[in-house]
Amino acid sequence: MARRALPERTCVGCRKRAPASELLRMVAVGDEAGHYSLRPDPGRRLPGRGAHMHPDPACFAQAVRRRAFGRALRITGVLDHGALAEHVDAQTPTTGQPDRSRVASKVGRPT
């Protein structure tokens, strides 16, 4: 009997491929004024185009820095990613150490 292939998706943060079950799906939800906000969709049931990301603050920070959410969801303008940031932060265990992935890097900046 042939094994069924698992669906794979690409993380918008680190750009690595992984099984869809390991990634968090997110969608852009718009309001009447035309503003969009990112909403996590762990149940994979919200309507609309979705993007996938590892539920990791490092991948989230990379995606924000690269402005990958707008491209992946095909939306122009600024996206509010506050709800998604809260969801990702709630998923990560706290160790009491500062999150080094969110600290701005000074590498490559002119002095």
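In the predicted model, helix α3 spans residues 82-91, and its buried residues are L84, A85 and V88. Viewed down the axis of α3, these buried residues fall within an arc of 100°, so they line one face of the helix. The exposed residues E86 and A90 are carried on the face of α3 turned away from its buried side. The cover over the buried residues of α3 includes the strands β3 (24-30), β4 (36-40) and β5 (50-53), together with the helices α1 (57-66) and α2 (68-73).

The strands β5, β3, β4 and β6 form an open sheet of four strands in the order β5-β3-β4-β6, with mixed pairing. β5 and β6 are the edge strands, each pairing on one side only. Helix α3 lies across β3, β4, β5 and β6 and runs at about 20° to β4.

Within this sheet, β3 and β4 run antiparallel and are joined by five bridges. V27 has R39 of β4 as its bridge partner. The two strands form a hairpin with five residues between them, and G34 in the turn has a positive phi of about 90°. On the β6 side, β4 and β6 (residues 79-80) run parallel and are joined by two bridges. Here the bridge partner of S37 is D80 in β6. In general, strands of a sheet pair through backbone hydrogen bonds, either parallel or antiparallel.

The count of salt bridges comes to two. In one of them, D41 pairs with R25, and the closest N and O atoms are 2.5 Å apart. D41 lies in the loop between β4 and β5, whereas R25 lies in strand β3, so the pair ties together parts that are 16 residues apart in sequence. D41 and R25 are both buried. E8 forms a salt bridge with R17, for which the closest N and O atoms are 3.3 Å apart. E8 has a relative accessibility of 39% and therefore counts as partly exposed. R17, at 55% relative accessibility, counts as exposed, the cut-off for that class being over 50%.

Notes
Residues numbered from 1 in each chain as written. Predicted model: local features only at pLDDT ≥ 70, side-chain atom pairs only at ≥ 80, totals over all residues. Heavy atoms only, no water. Buried < 20%, exposed > 50% of the residue type's maximum accessible area, 1.4 Å probe, protein only. Arc of directions from axis to C-beta. Contact = heavy atoms within 4.5 Å. Pairing = 2+ DSSP bridges. Axes fitted to C-alpha atoms, helices over the stretch in contact; angles between N-to-C directions. Salt bridge = Lys/Arg side-chain N within 4 Å of Asp/Glu carboxyl O.
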